[in-house]
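Colleague: I would like to learn how to read the surroundings of a ligand, a pocket and a pair of rings in a model. Could we go through them one by one?

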Amino acid sequence: TELSLIRNFSIIAHIDHGKSTLADRLIQQTGGLTAREMTSQVLDNMEIEKERGITIKAQTVRLDYTAKDGITYQLNLMDTPGHVDFAYEVSRSLAACEGALLVVDAAQGVEAQTLANVYQSIEHDHEIVPVINKIDLPAAEVDKVKAEIEEIIGLPADNAVLTSAKSGIGIDEVLEAVVTRIPPPKGDRSAPLKAMLVDSWYDPYLGVVILIRVIDGVIKKGQEIQFMAAGTKHLVDRVGCMRPKLEILTEIAAGEVGIITAQIKEVAQTRVGDTITDAKRPAAEPLPGFKEVQPVVFCGLFPTDAADFEKLRESISKLRLNDASFSFETESSAALGFGFRCGFLGLLHLEIIQERLTREFDLDLITTAPSVVYKLELSRSKTDDARSMELHNPADMPDVNRIDEIQEPWIEATIYCPDEYLGSILKLCQDRRGVQKQLTYVGGRAQLVYELPLNEVVFDFYDRLKSISRGYASFDYHQIGHRAGDLVKMSILVNGDPVDALSMIVHRGTAEARGRGMCERLKDLIPRHLFKIPIQAAIGGKVIARETIAAMRKDVTAKCYGGDISRKKKLLEKQKKGKARMREYGNVSIPQEAFIAALRMG
Ligand code: GTP
């Protein structure tokens, strides 16, 4: 297809503002699907994605649209994942487009979380078309939302498209706006092949499917291609596009988006952002922006029932087929038996994988405290002359006398928030050992740049930020390398025994507060036993905090004197829940939730 007839765009929207509904309408209107096939939303096809309202794996469709000018255009709608853990994937999807639809709910207005995506889109020089959706709602306030788009985001909103994706109003206008307002791609069909690897996934029938955006040249079946960063060569055996069903094509040329297969067995062999070129006539330079994604948060996953270990291995291997961004290796723990040490892009990524294992594979799991990767400088010992190591698991910490220095990963975080929440957000960053780099105002909102130790962010920073700003702060980060810190290993002892799954690396300055918080929370999380249970936090041999769980009385509700019924019910419920999934430590039972819940800071 000629460049002037192609439009590549994505949809930016806050959760629930109608991105999926609109995408489905665009597909329906251009004939990609019949009404019957429309019954379920097409683009978000994973159950968990639906429930959490996020898109994990990008999916993309090609639409043929005959515009009012009588010409048929090729529209490629790129779906983008919507969370900070997948920021790199988002940036690659955006790099494959020339424009974006910004969908805003007519009743809700602009929400802050969309801002980060809008700014990213602007950075990629996108033409942004505002779409005000849900105009059918009685609470719709179109003029107010237009004003917000202009004031908060700084985009002209006069010619915003008004839609009701639900009732099918304004869909043609959206398609027209894509054609007339978003520029066509640039590229050179006769130059050596240069295509960006935007995404890849495993399909049981096709093997690994690769989504590409061709920048220059042409890709065809039978062509030998080379992945420039990975350095591998493959033979293309299928070229096509999703409509959203697969359609086989003869070629994908400069400016176009499509999919290829090349007899690749594992998603891990493909890297998002890599440049695909012709093996015989390679491009001189790869495309800019490629990054190797590395897991940044590690934790142990153990089956509650030791007999499930093999089942867990199979399930993890299956998930890994489609997600090369997490890693795993076997691990054994004194208390938890055999399990896996897994690495993730961030906490949300961890939670998604954990939830899929529990739900799709019906596994009962124990998750240990998430940890970042520390670098240690060591002095030689009699038995080991390694001078440095990467520590993925606090339980593997070598003898403290050998440690010369511990370095922790730092990030640079950008936070956008309305002025009124600035004070509490500054305090949160300060409490987490943050170093303020910048404070500016963009379109009536504060833009805050902080350097923070990743360790202080992984547990609950994002949740805290959202709760203190009532959801109005947006958060985006990238890593900026390791720095030395005054870090120590803190152990948690339950009834005198250290529980390795709860040990963690902390900054000395915050160790005591952390230790106290952990003990207090564990005191609430571990049910009473027939005997008294001391809970201690210790650094080396020194106890820095302590709580005691009193011995159980025969009737836990007796002390409520029957007066407060709701409290009584709560207590009984708590007891019931506590019984559900427990782990025995010596003679103490610790409920599964305790392992992660104990780490959330108050
Ligand atoms: P996530 O996939 O969760 O990110 O949300 P989304 O932005 O894709 O929103 P989705 O399309 O799932 O729509 C969210 C809710 O809004 C659904 O219940 C839709 O039925 C509803 N909705 C979407 N468009 C409209 C509209 O034009 N009018 C009304 N009244 N409801 C709409």
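Modeller: Let us begin at the ligand, where an oxygen atom is 3.3 Å from an N or O atom in the side chain of Ser164, and please keep in mind that this is a predicted model.

Colleague: Which residues come nearest to the ligand, and what is the shell around the ligand made of?

Modeller: There are 18 residues around the ligand, and Lys19, Ser20, Thr21, Asp136 and Ala165 come nearest. By class, the shell divides into three nonpolar, nine polar and six charged residues, and helix 1, residues 19–29, gives the most to this shell, with three residues.

Colleague: How should I read a pocket?

Modeller: Rolling a probe the size of a water molecule over the atoms shows where empty space is left. In this model the second largest pocket holds about 1,100 Å³ of space; it is lined by 38 residues, and those closest to its centre are Tyr88, Lys291, Tyr477, His478 and Gln479.

Colleague: Which element gives the most to the lining of the second largest pocket?

Modeller: Strand 26 does, with five residues; helix 3 (87–95), helix 4 (112–123), strand 23 (403–418) and strand 26 (474–485) each supply at least two residues of that lining. Sorted by class, the lining has 17 nonpolar, 11 polar and 10 charged residues.

Colleague: And how do I read aromatic pairs?

Modeller: A pair of aromatic rings is described by the distance of the centres and the angle of the planes. The count here comes to six aromatic pairs. The rings of Phe309 and Phe340 have centres 5.0 Å apart and planes at 5 degrees, so this pair is stacked. The pair links distant parts of the chain, since Phe309 belongs to helix 7 (residues 309–322) and Phe340 to strand 19 (residues 337–344), 31 residues apart.

Technical notes
Residues are numbered from 1 along each chain as its sequence is written. This is a predicted model: local features need pLDDT of at least 70, side-chain atom pairs count only at pLDDT 80 or more; totals for chains, interfaces and linings use all residues. Side-chain values use heavy atoms; hydrogens and water are left out. On a 1 Å grid over the protein atoms alone, a cavity is a set of points where a 1.4 Å probe fits but cannot get out, and a pocket is an open set with protein on both sides within 12 Å along at least five of seven lines; lining residues have an atom within 4 Å of a point. Grid points are joined across faces, edges and corners, and a volume is the space filled by probe spheres set on the points. Helices (H or I, at least four residues) and strands (E, at least two) are DSSP runs, numbered from the N terminus. Ala, Val, Leu, Ile, Met, Phe, Trp, Tyr, Cys and Pro count as nonpolar, Asp, Glu, Lys and Arg as charged, and the others, Gly among them, as polar. A residue is near a molecule or strand if one of its heavy atoms lies within 4 Å of it. A polar contact is a pair of N or O atoms within 3.5 Å; within protein, one must be able to donate a hydrogen and the other to accept it, and residues adjacent in sequence count only if both atoms are side-chain atoms. Rings of Phe, Tyr and Trp (its six-membered ring) pair if their centres lie within 6.5 Å; planes under 30 degrees apart count as stacked, over 60 as edge-to-face and the rest as tilted.
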